[in-house]
Amino acid sequence: MTSITLAPGLTYYPDYLDRQAQEELLQSLRDITREAPLFTPRMPRTGKPFSVRMTNCGPLGWVSDVEGYRYQPTHPETGRPWPAMPDQVLRTWEELSEYPHPPDACLVNFYEPSARMGLHQDKDEEEFAAPVVSLSLGDTALFRYGGLDRKDPTKSIRLRSGDAIVFGGPARLIYHGIDRLMTGSSDLLPQGGRLNLTLRKVGKPL
DNA sequence: TAGTCGCA
DNA sequence: CGGA
């Protein structure tokens with residue numbers, strides 16, 4: 001397995017999932033979105049919608065609305081519990097996280113060709129000792145990452161379908177985001193677009 | 001402050 | 001980019 005250190009604690013695994021594994025994961029995500037439909041998150045206070053739509057699997061899911069960012073055990077629109085995390089996702093966490101407990105949450109972000117995600121930190125968890133593990137499927141995305149301060153200089157790399165990235169240690173709280181997609185760069189998703197999974201341990205281990 | 005916009 |  002190839003790994004590239006982009007910055008201390010930030011590790012990039014190009015082509016972590018082969019085509020067969022990507023298709024298997026895509027089928028799991030179809031099952032998940034049927035049970036837990038994609039919803040449009042909104043900014044706290046202003047209520048401005050994100051361009052990305054999302055859902056979750058696992059015991060907890062990340063949601064955002066006018067009330068704020070939070071993790072909760074149920075879908076914000078259906079009120080039902082999130083679907084279980086696929087075994088394939090749990091195995092990825094076991095292999096890449098170097099953390100001795102399973103993740104609590106798997107956020108699934110769906111990017112239409114025009115969707116973007118501004119520079120932000122993943123900091124709504126309690127357990128920063130656990131890394132964030134990210135998987136990309138579908139169209140290539142221009143991923144931008146910086147430092148712990150929002151105004152720190154940033155670098156960009158292209159994330160392709162099947163790539164994985166791990167934010168751990170000193171990189172656990174770095175600012176990052178998605179500037180744009182390269183439409184038509186993958187034929188995994190028939191309609192185009194990109195799916196991103198982010199696995200997180202939310203609470204401190206019992 | 002996980003968005004949007006204006007300006008260099 | 002930086003401001004709000």
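Six bridges join strand β8 (residues 132-138) to strand β13, and the two run antiparallel. The model is predicted: local features need pLDDT of at least 70, side-chain atom pairs count only at pLDDT 80 or more, and totals for chains, interfaces and linings use all residues. Residues are numbered from 1 along each chain as its sequence is written, and side-chain values use heavy atoms, with hydrogens and water left out.

Strands here are DSSP runs of E with at least two residues, numbered from the N terminus. Two strands pair if DSSP finds at least two bridges between them.

Strand β13 spans residues 194-200, and seven of its seven residues are buried. Buried means under 20% relative accessible area, exposed over 50%, and partly exposed in between (1.4 Å probe, protein chains only). Both faces of β13 are covered. One side holds Arg194, Asn196, Thr198 and Arg200; the other holds Leu195, Leu197 and Leu199.

**Asparagine 196**

Asparagine 196 lies in strand β13. It counts as buried because its relative accessible area is 6%. Its side chain makes a polar contact with the side chain of serine 134 at 2.9 Å. Another links it to the side chain of arginine 194 at 3.4 Å. A polar contact is a pair of N or O atoms within 3.5 Å; within protein, one must be able to donate a hydrogen and the other to accept it, and residues adjacent in sequence count only if both atoms are side-chain atoms.

Arginine 194 also lies over the face of tyrosine 111, at 5.2 Å from the ring centre. The rule asks for NZ of Lys or CZ of Arg within 6 Å of the ring centre and within 35 degrees of the ring normal.

**Aromatic pairs**

Rings of Phe, Tyr and Trp (its six-membered ring) pair if their centres lie within 6.5 Å; planes under 30 degrees apart count as stacked, over 60 as edge-to-face and the rest as tilted. The count comes to seven aromatic pairs. Two of them are tabulated here.

| Pair | Centre to centre | Angle between planes | Class |
|---|---|---|---|
| Tyrosine 13 and tyrosine 16 | 6.3 Å | 70 degrees | edge-to-face |
| Phenylalanine 143 and phenylalanine 167 | 6.1 Å | 70 degrees | edge-to-face |

The phenylalanine pair links distant parts of the chain: phenylalanine 143 is in strand β9 (residues 141-145) and phenylalanine 167 in strand β11 (residues 164-167), 24 residues apart. Tyrosine 13 and tyrosine 16 are both buried. Ring pairs also link Phe50, Trp62 and Tyr69 into a cluster.

Notes: Chains lettered and ligands numbered in written order. Helix = DSSP H or I, 4+ residues; strand = E, 2+ residues; numbered from the N terminus.
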